[in-house]
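Hi,

Here is the structure I said I would pass on to you. Have a look at it, and then read on for what I found.

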Amino acid sequence: MRIGVKKAIVLFAALACAVAAAGCGPQADEEKTSQTRFTLDTVVTLTAYQSGAEDTLSSAFARIAQIEDEMSVLKPDSEIARLNAKGTAKLTEDVCFVLKKGLDVAALSSGAFDPTVLPLIRLWGFDDETKEKKVPSADQTEKARALVDYKKVELNAQTDTAVLPKGMGVDLGGIAKGYAADEAWRIFREAGVRSAILDLGGNIVAVGSRADGKPWRIGIRDPRAQSDSAYYAVLSLSDEAVVTSGDYERYFVEDGVRYHHIFDTKTGRPAQSGVISATIVAKDSTMADALSTAVFVLGVDKGLALIASMEDTEALIVTDDKKVFATSGIRERVEMVSSEYTMQ
Amino acid sequence: MKKGDLLIIVLLLAAAALFWWAFSPHAAEGDVYVVIQKDGEQVFREPLDGTDTKWTDAHNRVVVKDGRVWMEWSDCANQICVHSGTIGEAGQQIVCLPNRLIVRLEAVNAALDGITY
């Protein structure tokens with residue numbers, strides 16, 4: 001090695017300056033704009049890692065509120081409530097778009113995700129938190145199941161009009177949150193926000209990357225831990241949406257059996273595919289939302305096959321024996337943090 | 001070995017030490033704060049540093065003890081918050097939806113940026 005002493009000193013000084021600038025810059029005294037609101041029947045927190053993003057947050061929350069007004073089954077004035085009451089309705093562009101995507105995923109998954117699941121949700125009492133929930137009779141279950149069929153929805157894209165056979169009902173609960181996340185994401189992107197976390201009740205969009213340029217670290221809830229805040233793995237994500245469906249979120253127990261809110265439309269009962277948690281990572285939160293339900297219902301083999309056939313879409317599935325299955329594109333970005341779960 | 005070579009080695013070691021210092025987490029970045037928000041407004045913010053305390057209003061009571069935080073009591077109908085366990089790491093939260101209350105653990109450069117569920 002033959003570098004002159006003077007050169008070495010200059011090099012060292014330059015290095016020291018670079019380190020001082022990089023290491024003790026913004027991330028040590030990070031600025032952020034964050035707001036939490038109770039909407040979409042859950043808690044929504046939008047955080048931009050920059051100062052002065054208040055207007056962007058307000059626009060995104062306004063858009064989320066608009067989507068909720070259009071798509072909530074519970075709000076009697078919503079587009080969806082009118083469609084369900086009358087059997088036909090002219091839909092807004094938003095509702096038409098989301099219903100179309102829902103029907104697309106239904107076709108892709110052979111009905112494992114089905115936006116016409118409402119009769120089952122109602123029968124089992126999952127449409128209203130205050131309803132007393134009990135297992136319905138086989139006869140009731142069969143009647144409601146017969147009313148669930150995405151193929152019978154007539155959606156006219158030219159006139160934005162939908163028609164449903166009598167007794168059927170659309171529930172966009174399994175996809176509307178994903179769409180709201182996509183729209184908030186678009187608003188952040190258009191405002192030039194490069195670093196943000198959008199958390200819509202556990203549907204997360206990791207916008208850009210961390211302020212220090214590293215990927216975001218998002219935990220996946222441990223489906224069997226006592227604590228709601230425990231997580232079994234951490235995902236490294238950049239500019240991606242992540243959605244998880246689990247049997248722990250809404251359920252009731254009768255005679256020692258857990259009945260959760262994700263239905264198998266082929267049996268009319270809560271899905272029993274062996275999956276207890278299904279996580280989808282994608283560039284499209286609307287798709288990820290619907291696909292997480294589809295994969296939960298399909299089970300490991302069919303679920304992994306479906307996701308592997310789709311671009312920019314990855315899956316992480318937990319089975320009831322605490323085994324974890326992942327598609328190849330996400331495997332390297334998963335850090336297992338709970339020894340109870342084993343990656344296959 | 002010449003004197004100059006020795007100097008270069010010393011300088012390189014010094015540079016390495018500087019890098020290590022600059023890129024290792026500083027104490028201030030690791031500090032975890034307990035933040036309580038009611039209706040989106042912050043009503044409590046204290047470091048989770050071993051000081052035991054309680055926060056209470058007419059509808060909820062939050063306990064901070066031995067570095068863990070939990071909802072001890074709530075007058076809400078579903079009691080989900082009371083049954084949601086304890087939290088102790090930045091990025092975790094407890095939500096009482098009916099009372100519009102959130103208890104959240106925050107830190108600058110936290111190990112976790114969110115939890116999907």
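Chain B has an open sheet of three strands in the order β3-β4-β5, paired in the antiparallel sense. A strand here is a DSSP run of E over at least two residues, a helix is a run of H or I over at least four residues, and both are numbered from the N terminus. Two strands count as paired if DSSP finds at least two bridges between them. In general, strands of a sheet pair through backbone hydrogen bonds, either parallel or antiparallel. The edges of the chain B sheet are β3 (53-56) and β5 (68-74), each with a single partner strand, so one side of each has no neighbour in the sheet. From one strand to the next, the twist averages 20° (angles run from 0 to 180 degrees between N-to-C directions, with axes as lines fitted to C-alpha atoms, for helices over the stretch in contact).

Before you go further: this is a predicted model, where local features need pLDDT of at least 70 and side-chain atom pairs count only at pLDDT 80 or more, while totals for chains, interfaces and linings use all residues. Residues are numbered from 1 along each chain as its sequence is written, and chains are lettered from A and ligands numbered from 1 in the order in which they are written.

Back to chain B. Strand β4 (residues 60-65) is joined to β5(B) by six bridges. Along this pair, Val64(B) sits opposite Val69(B), and Val62(B) has Met71(B) as its bridge partner. The two strands make a hairpin with two residues between them, and Asp66(B) in the turn has a positive phi of about 50°.

Chain A has a hairpin too. Its strands β11 (residues 251-254) and β12 (residues 257-260) are antiparallel and share four bridges, with Val253(A) opposite Arg258(A). Two residues lie between these strands, and Asp255(A) takes a positive phi near 50°.

Now the domains, whose bounds come from an automatic or database domain assignment. Chain A is split into domain 1 (74-163) and domain 2 (215-343), with C-alpha centres 23 Å apart. In chain B, domain 1 covers 1-26 and domain 2 covers 31-106, and their C-alpha centres lie 45 Å apart.

How do the two domains of chain A touch? On one side 21 residues of domain 1 are in contact with 18 residues of domain 2 (contact means C-beta atoms, placed from the backbone, within 7 Å). On the domain 1 side, α4 and α6 (138-145) of chain A are the elements that give two or more residues. α4(A) gives the most, with five residues. By class, that side has 11 nonpolar, four polar and six charged residues (Ala, Val, Leu, Ile, Met, Phe, Trp, Tyr, Cys and Pro are nonpolar; Asp, Glu, Lys and Arg are charged; the others, Gly among them, are polar).

Helix α4 (residues 93-108) of chain A also packs against α8 (residues 285-298) of chain A, at an angle of about 35° and with the axes 10 Å apart. Val98(A) and Val105(A) are among the α4(A) residues in this contact, and Ala290(A) and Leu291(A) are among those from α8(A).

Lastly, confidence: chain A has a mean pLDDT (the predictor's confidence in each residue, from 0 to 100) of 91. Over residues 21-29 of chain A, though, pLDDT stays under 50.

Cheers
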